[in-house]
Amino acid sequence: MPDDIAPTRHQRLGSNAGDPHSRLDGIAKITGAARYAADNAPAGLLWAVIAGAPVARGRVARLDTAAALAHPGVTHVITPENRPALHKDPDLRAALFDWKLDLLQDDRIRYAGAPMALVLAETAEAAAEGARLLAPEIEADPARIGFGDGLAFAAETVGIGAPPATAVGDVEAGFAAAAQVTEVEIETPPQYHNAMEPHAIVAQWQGERLVIDTPNQAIVMSRPSFAAYFGIPPENVHIRSPYLGGGFGSKAILNPAQILACLAARETGRPVKLVLSRAQMYGPTGHRGATRQSLRLGVDAAGRLTALSHHAVSATSSFDDFLEPAANAALNTYACPAISVSHSGSRWDIGTPGPMRAPGEATGSAALECAMDEAAHAAGLDPLDFRLRNYAETDPATGRAYSSKALRECYALGAERFGWKTRPMQPGQMRDARGRLLGWGMGTSLFPAPMFQAEARATLRADGSAVVETAASDMGQGAWTALAQIAAEGLGLDLAQVEFRSGDSELPDAGVAGGSGHTATAGSALYSAGRDVIAQLTALATADPASPLHGAGNRAVVAADGWLRIEGEDHRRESYAAILARAGRDALTGRGKGARDPAHAEARAMFSHGAVFAEVAVDPALLQIRVTRLTGAFAAGRIINPKLAESQLLGGMIWGLGFALQEEALHDRRSGRLLNADLAGYHVPVNADLAEIEALTVHEEDRFVNPLGVKGVGELGITGTAGAIANAVWHATGRRVRRFPIHPEDLA
Amino acid sequence: MTFSITLTVNGTPHHLALDDLRVTLLDLLRDRLGLTGTKKGCDRGQCGACTVLVNGRRLNACLALAAQQDGAEITTIEGLAPEGRLHPLQAAFLEHDAFQCGYCTPGQIMSAAGLIAEGADGADIERIREGMSGNLCRCGAYRGIARAVAAAAQSENGETEA
Ligand code: FES
Ligand code: FES
């Protein structure tokens, strides 16, 4: 069993990168010293609690603010009637990452849990009781929830500003030429991020400066969004976010609690702390919107795709427009001469969805991989063989060459490790020792390898050690460690010689921790800041007649372990500290930027890939489904820290398991309220849901994605996994389930 | 109205005047004693982030009222190991990368300490997974958690680590 299998050997590339170093923030996290936002308690603090709407649609007719204010300890109740003015209309979207927010602008209710009032008190207990005492009288309208009741609309954009439809080739001709056409409809439910750390903020004003402790995935980028509501310059907003207790996309977008807490702090002149309850995280803080997807796959007699169409109806709120870009999964995964993808929207009385770990890719790949499995079976082909026949040598959407793509190696490695080749073609053929039906399924993992914009600063100090700075976000993916490793490599220093400062908006902008592009982007900035330092240091040394490196001319100068030396002449070397000392410098600062080379971005398609193999066991009497084995093999460029990357991939696969079998938000059709807005009713995987699970990596050299050769691993693992598990359920039972999550009763 | 209780927290006795009987043990530890290592994930007994040891047994501190704990001995993550040292469980969590964001981690470690003390682990990975399933980890660090607990249980039982 994998618990006994030695970890895969990893290449160590350079002095620090490639080292499976334990987390540098690990000691703080295992001793309880790590300070998350809600752990802050400045003197004079007021506690704030949001009173959320009990129905999904209607208006608040009355709130008993007098009762709340009469409760000992309650100091203020803010409602639409007395809410201080904001500098920006909460229903206006000023920037790409702005969502429309419910900030007590009126008495309308647009979703269950939307703020109706904010109660402030001297203690948490008093604030919670005050909110309860408001006893709202509601004029409720019927909630429109579900694809049947939602209002259909044509999509203008999907995801973050992406086009809603794309077509390549002649799809109708492709279907006409097909020997078989497979049609599949799949539904995916609303899912909620449920980071273990509830959304929290501690806000305080220092004159016109706003100081905020809050978990945030885009620390510097978020400043203008906060500032706009208060009419202050972005530089006046100081966000501290050293640790995020999970984000998964939900902490990249501002939520109403954050703005209301800042407003209350300004109004009262006291620091305000607002922590959402678990139940309040099902509404105002985003979620993965439901989808209804239709796929058609045309396949010729040789088992090759002739046409592929993928349409998704994505649910969103009644007032904003984020649509899960599910159908785009079909654009880049398999070779096909004619592909058409399109999206439309369905308006429900729910909080606006947003990006949640692999937004679009997770839902879309779940449906696509199920459809591929059906098409393979219809063609009489093994699912892996079918995928190999349709292997994309160039990007199907653009025809571009890949920057790198070791998917074939992933298929081979995963299949070998899993033992795939003995899989019977027909379902229902295998049983385990306990008489359970066994099934094997697979899926392809795919996630883009984007880069954003980041900046970093590196300062070499007189003693030869360095401090490197960028406002990165570590929500568990390992930025504190992997980025420090990259910085050390850029500087030619050992990791222990590098102090990494991060998680604070006063530092250079590290961009967003999202899209699995943070390590690539912020890492590139840190690396180039380090190289800038080395270039300056080299110039100092080679120009100085007293230096052993003097007159190096065109010969390469190598920086390693705190020394510069001339390549091939190892005795001609000098330590960083000595170079600085003789130059009379007590520090030397370099700057770097991280962004993609536009020429490569134009010419190449850039994705991480993988293959996931799943085994399920289904009890024939109880129909209980257990995932007994999960093997993933992934290729994501150069892996900076194999230990942390493996954890990311495993975490993603576990999300895939939750997607396939557990996660689903259920609404009461009358009130529109969630029926399972807690961790007892909304199931996420627990330790006992896991049996054998492993994530292997295949090394890729990629000189196009960025100079580091780094792609991303944060979201890759969830793609492929949900489909692989659904396909394994079919292989065990012969049942194709058209709706996620798969319930035992679906197999009856 | 105030209500007086005595609690021993991480070996230190505290005489506390509770001004509010609604205060949970979790909020007492976090907000009144400043021991913020213990986390709140749900406040409903559903996630395990708030797990502490009360008289040696694991308990969800969010489900206990502080006023009911008069006389109890409480151990939190801050008191698991002497200052400046790591408990074998903590060292094993680091070694096995048994966490990502770290938010569930204090609860996981305290729960594991309780599990091992219950003698229920038997260093059997299946039983460990079952016994640790009251502690949710949204990052999905489960394999590392199970391995870390097994390794720590083995070293506590005097066996050599695999
Ligand atoms: S906070 Fe106590 S169990 Fe979740
Ligand atoms: S480490 Fe993030 S929830 Fe467990």
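Keep in mind that this is a predicted model. Start in chain A with helices α8 and α16: their crossing is right-handed. To find them, select residues 361–378 for α8(A) and residues 721–733 for α16(A). The two pack at an angle of about 40°, and their axes are 7 Å apart. That angle is why α8(A) counts as oblique to α16(A).

Now show the side chains where they touch. On the α8(A) side, pick A:Ala366, A:Glu369, A:Cys370, A:Asp373 and A:His377. Facing them from α16(A) are A:Ala722, A:Gly723, A:Ala726, A:Asn727 and A:Trp730. Colour this contact by class and you get 5 nonpolar, 3 polar and 2 charged residues.

Next stop, chain B. Which strand order does the open sheet here have? Reading across its 5 strands, you go β2-β1-β5-β3-β4, with mixed pairing. Select 12–18 for β2 and 57–60 for β4: these stand at the edges with a single partner strand each, so one side of each has no neighbour in the sheet. From one strand to the next, the twist averages 40°.

Zoom in on β1 (residues 3–9) and β5 (residues 73–75) of chain B, which run parallel and are joined by 2 bridges. Pick B:Thr8 there, and opposite, in β5(B), you'll find B:Glu73.

Conventions: Residues numbered from 1 in each chain as written. Chains lettered and ligands numbered in written order. Predicted model: local features only at pLDDT ≥ 70, side-chain atom pairs only at ≥ 80, totals over all residues. Heavy atoms only, no water. Pairing = 2+ DSSP bridges. Helix = DSSP H or I, 4+ residues; strand = E, 2+ residues; numbered from the N terminus. Axes fitted to C-alpha atoms, helices over the stretch in contact; angles between N-to-C directions. Parallel < 35°, antiparallel > 145°, perpendicular 65-115°, else oblique. Left-handed = near helix turned anticlockwise from the far one by under 90°. Contact = heavy atoms within 4.5 Å. Nonpolar A, V, L, I, M, F, W, Y, C, P; charged D, E, K, R; others polar.
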